[in-house]
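Biologist: Can you walk me through this model? I'd like to start with the sheet.

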Amino acid sequence: MIIRYACVVVAFFAQAAVAAGKGKSEDDCPENGFEVYRQLDPKEVDMMVETVVDKDTCMYEMSISFTPDLTLPFMDEDSPLNGANGSIANLQPFPEEPEKRTAWHTLCDAEGRSEREPIPGFPNNHVGLQDHYTEYEYTMKLPKNVKKITGIDHVTMGANPCGRRTQPYTSYSAHFYYASIKDRKKMTCISDGGFICKDSEYQVCGRGLKFNTNGSVMTCTDGNSENIPANIPAGHSWIIEQTILSPDFWGQKTNSAAPGMGFIAINRQSFASQIFDLPTFAMVGHDQKIGAILIYNWSGFSRGYSSSNDWEYQDSPITYNCQDMEKYGKLPTHVGAQYSMESGRTTYTIRGPAGKCKDFSHVKLPKDKKTNKHASKKVKKEGAI
């Protein structure tokens, strides 16, 4: 197993970017980052994170669960998704509500969903200040003992009323972040106020090059396979510049880099044959490091309108190309999602090797803003001193 780090390419592009930017300081760079996500209180979706360890198998299981906030615009999808098993170009949200579907297209497009041009009003406006083409994010930081066991620093839930250019439907996303919030705030790029970083040639300040969309990713040789992306699931590849995901995307080439998050690796074969009303699994990276595990789904999955209420990425354990066990030995071997008709909750689950082989259980609930204490914290009995 040989791992190669494509640092020469990064250095070359960084030098070119500095030259193109004429030595711009960081303060002069029109970059976007963490602010493109609208932060909301996790209590509004009754968010909960559970972590357990089985000492006999030395495996952890972490789950994020929530109930939808139907007061958010367009997140009240209540019918099956037309075209879910066909071409993404034929997807029709709100099939039984043509007026709402028309309003959805009109408002989302008006706020710049195509991202072919800067977000309307940029630079004084960006997607984090909008109501429709935006992501409402719910964030929960995890304690140090949970991070030691799983490698996960914090988790987020995202609600996307307009979806994305390549995901034209209302959606939810769950991120299990290895990168810290502090690190995410350093993930900035020139995006013209949008969710998608411009290609590397436009990253004149250099920081946007750390998203590696020019293809300067960590590769390895494993057996008979050469120059394959390291530390991501077998069959996955990074969505870099010049990648055509599907002819349905208006014949455009694209990258997947998002400020404040990173860029994405998917199984393109699986994506091409995707049933769009079921969840999708992706890896997130930045600066040649693994940043997060991502699961995203059509919002109707979280209302029980999907073709199935249970989903698992694959039947057998996930294997990784040239996995660096010292750095990434806790990556999940199983990824799944489930909707409960009884509770109305959606649960995203990852399972993998635990950092400590001892029985462990932890439940994380949102903080009570009035007391600044976690709702899971035991309270004193009445009359106790």
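Modeller: It is an open sheet of 6 strands, with antiparallel pairing, in the order β14-β15-β16-β4-β3-β17. Strands here are DSSP runs of E, at least two residues long, and helices are runs of H or I, at least four, numbered from the N terminus. Two strands pair if DSSP finds at least two bridges between them. This is a predicted model, where local features need pLDDT of at least 70, side-chain atom pairs count only at pLDDT 80 or more, and totals for chains, interfaces and linings use all residues. Residues are numbered from 1 along each chain as its sequence is written, and side-chain values use heavy atoms, with hydrogens and water left out.

Biologist: Which are the edge strands?

Modeller: β14 (310-312) and β17 (360-364). Each pairs on one side only.

Biologist: And how are neighbouring strands turned against each other?

Modeller: By 15° on average, direction ignored. The axes are lines fitted to C-alpha atoms, for helices over the stretch in contact, and angles run from 0 to 180 degrees between N-to-C directions.

Biologist: Switching to cysteines. How many disulfides does the count give?

Modeller: The count is 4, taking a disulfide as a pair of cysteine sulfur atoms within 2.5 Å. One of them joins cysteine 58 and cysteine 357, with sulfur atoms 1.7 Å apart. The torsion about its S-S bond is about -75°, so this disulfide is left-handed.

Biologist: What does the pair of cysteine 58 and cysteine 357 tie together?

Modeller: Cysteine 58 sits in the loop between β3 and β4, and cysteine 357 in the loop between β16 (346-353) and β17, so the pair ties together parts 299 residues apart in sequence.

Biologist: Is cysteine 58 buried or exposed?

Modeller: Buried, at 18% relative accessibility. The cut-offs are under 20% relative accessible area for buried, over 50% for exposed, and partly exposed in between (1.4 Å probe, protein chains only).

Biologist: What about cysteine 108 and cysteine 162?

Modeller: They form a disulfide too, with sulfur atoms 2.0 Å apart. The link is left-handed, with -80° about the S-S bond. Cysteine 108 is in helix α2 (residues 98-110), and cysteine 162 is in the loop between β6 (154-160) and β7 (171-177), 54 residues apart. Cysteine 108 is buried at 0%, and cysteine 162 is buried at 0%.

Biologist: How far apart are the sulfur atoms of cysteine 189 and cysteine 197?

Modeller: 2.1 Å, and the two form a disulfide. Its torsion is about -85°, so it is left-handed. Cysteine 189 is buried at 0%, and cysteine 197 at 3%.

Biologist: Now the core. Which residues of the largest nonpolar core touch the most other members?

Modeller: Met62, Val155, Met157, Phe176, Met283 and Tyr348, out of 55 residues. The largest share, 4 residues, comes from β4. A nonpolar core is a set of buried Ala, Val, Leu, Ile, Met, Phe, Trp, Tyr and Cys residues joined through side-chain atoms within 4.5 Å. A second, separate core has 27 residues, including Val36, Phe94, Ile119 and Ile239.

Biologist: What is methionine 283 in contact with?

Modeller: Leaving aside neighbours within four places in sequence, its contacts include Trp238, Phe263, Tyr320 and Leu331. Contact means heavy atoms within 4.5 Å.

Biologist: Where is tyrosine 178?

Modeller: In the loop between β7 and α4 (181-184). Tyrosine 178 is buried, at 16% relative accessible area. Beyond four places in sequence, contacts of tyrosine 178 include Thr150, Asp153, Ala292 and Lys330.

Biologist: And serine 237?

Modeller: Serine 237 is in strand β10 (residues 237-238). It counts as buried at 18% relative accessibility. Among its contacts beyond four places in sequence are Pro229, Ile264 and Arg268.

Biologist: Last topic, confidence. What is the mean pLDDT of the protein chain?

Modeller: 84, with 82% of residues at 70 or more. pLDDT is the predictor's confidence in each residue, from 0 to 100.

Biologist: Where does pLDDT stay under 50?

Modeller: Over residues 1-23, where the model has 40 contacts beyond four places in sequence. Residues 370-385 are also below 50, with 13 contacts beyond near neighbours in sequence. Where pLDDT is low, the predicted coordinates should not be read in detail.
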